[in-house]
Amino acid sequence: MSAGSERGAAAAPGGLPAPCASKVELRLSCRHLLDRDPLTKSDPSVALLQQAQGQWVQVGRTEVVRSSLHPVFSKVFTVDYYFEEVQRLRFEVYDTHGPSGFSCQEDDFLGGMECTLGQVGAPSPRREEGGWCGGHSRFKADVPAPQGPCWGGQPGSAPPQLLLNSPY
């Protein structure tokens with residue numbers, strides 16, 4: 001099920017659900033994650049949640065990248081994009097301990113961030129021979145650590161980040 005397939009808030013004239021304007025693909029990676037494992041590095045995965053009718057609903061979860069503080073995930077999330085509608089997303093990063101699945105209950109929370117799909121999907125044009133063309137959007141955000149400004153790095157080191165790439 002793609003995010004946004006259950007529409008309730010936005011409706012076209014006549015009470016029909018608003019048509020999906022386009023689809024956005026989200027590719028995720030992280031940098032400078034917390035290291036919560038005593039003998040190895042964290043085994044991160046990211047849960048994607050979308051707000052629907054005031055509730056957060058988990059859309060999916062990436063695969064687990066073993067022993068990495070800078071994971072690049074191969075899972076691609078496809079999200080329906082609706083013009084003139086604010087679509088809130090939440091990304092939660094976990095150090096995964098059990099078998100990969102939908103539940104995060106036994107995993108250590110490493111941090112998370114919220115944004116709108118519009119923030120992620122805004123195109124950044126790139127210069128090519130002969131003029132400008134549409135480019136890929138890259139959205140970078142700091143992932144707040146659960147204990148505030150301490151993220152397990154050296155003093156002065158970069159905060160943890162979640163990078164979202166979206167071909168527009």
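User: Are Asp107 and Arg61 buried or exposed?
Analyst: This is a predicted model, and the answer applies to it as such. Asp107 and Arg61 form a salt bridge in which the closest N and O atoms are 2.6 Å apart. Under 20% relative accessible area is the cut-off that applies here. Both residues, Asp107 and Arg61, are buried.

User: How many residues apart are Asp107 and Arg61, and which parts of the chain does the pair link?
Analyst: Asp107 belongs to the loop between S5 and S6, while Arg61 is in strand S3.

User: How many salt bridges does a search of the whole structure find?
Analyst: The bridge between Asp107 and Arg61 has been described above. Another is formed by the side chains of Asp43 and Arg66, at 3.6 Å from N to O. For the whole structure, the search gives a total of 7 salt bridges.

User: Which residues are linked with Arg90 in a network of salt bridges?
Analyst: The side chain of Arg90 meets that of Glu114 in a salt bridge of 3.3 Å, N to O. Arg90 is in strand S5 and Glu114 in strand S6, 24 residues apart. Glu114 has a relative accessible area of 40%, so Glu114 is partly exposed. The residues in the network with Arg90 are Arg88, Glu92 and Glu114.

User: What is the order of the strands in the open sheet of 4 strands?
Analyst: The edge strands are S3 and S6, each of which pairs on one side only. S2 and S5 run antiparallel and are joined by 7 bridges. With antiparallel pairing, the order is S3-S2-S5-S6.

User: What is the average twist from one strand to the next?
Analyst: The value refers to the open sheet with the order S3-S2-S5-S6. From one strand to the next, the twist averages 25°.

User: Which residues touch the most other members of the largest nonpolar core?
Analyst: In soluble globular proteins, nonpolar side chains tend to be buried together. The largest nonpolar core here has 24 residues. Elements that each supply at least two residues of this core include S1, S2, S4, S5, S6, H1 and S10. The residues that touch the most other members are Leu26, Val46 and Phe91.

User: Leaving aside neighbours within four places in sequence, which residues are in contact with Phe91?
Analyst: Phe91 is one of the residues that touch the most other members of the largest nonpolar core. With those neighbours left aside, the contacts of Phe91 are Leu26, Leu28, Val46, Ala47, Leu48, Gly111, Gly112, Met113, Cys115, Leu162 and Leu164.

User: What is the relative accessible area of Leu89?
Analyst: Leu89 has its place in strand S5. Not counting residues up to four places away in sequence, Leu89 touches residues including Leu26, Leu48, Trp56, Met113 and Leu117. Leu89 is buried, and its relative accessible area is 0%.

User: How far apart in space are Leu89 and Val57, C-alpha to C-alpha?
Analyst: In sequence, Leu89 and Val57 are 32 residues apart. In space, the C-alpha to C-alpha distance of Leu89 and Val57 is 9.6 Å.

User: How many aromatic pairs are found, and why is the pair of Tyr81 and Phe83 edge-to-face?
Analyst: A search of the whole structure gives 2 aromatic pairs. The ring centres of Tyr81 and Phe83 are 5.2 Å apart. Planes over 60 degrees apart count as edge-to-face. The pair of Tyr81 and Phe83 is edge-to-face because the planes are at 85°.

User: Which residue of the pair of Tyr94 and Phe109 counts as buried?
Analyst: Tyr94 and Phe109 form an edge-to-face pair, 5.6 Å centre to centre with 65° between the planes. The pair links S5, which holds Tyr94, to S6, which holds Phe109, 15 residues apart. Phe109 has a relative accessible area of 33% and is partly exposed. At 10% relative accessibility, the buried residue is Tyr94.

How values were computed
Residues are numbered from 1 along each chain as its sequence is written. This is a predicted model: local features need pLDDT of at least 70, side-chain atom pairs count only at pLDDT 80 or more; totals for chains, interfaces and linings use all residues. Side-chain values use heavy atoms; hydrogens and water are left out. Rings of Phe, Tyr and Trp (its six-membered ring) pair if their centres lie within 6.5 Å; planes under 30 degrees apart count as stacked, over 60 as edge-to-face and the rest as tilted. Buried means under 20% relative accessible area, exposed over 50%, partly exposed in between (1.4 Å probe, protein chains only). A nonpolar core is a set of buried Ala, Val, Leu, Ile, Met, Phe, Trp, Tyr and Cys residues joined through side-chain atoms within 4.5 Å. Contact means heavy atoms within 4.5 Å. Two strands pair if DSSP finds at least two bridges between them. Axes are lines fitted to C-alpha atoms, for helices over the stretch in contact, and angles run from 0 to 180 degrees between N-to-C directions. A salt bridge is a side-chain nitrogen of Lys or Arg within 4 Å of a carboxyl oxygen of Asp or Glu.
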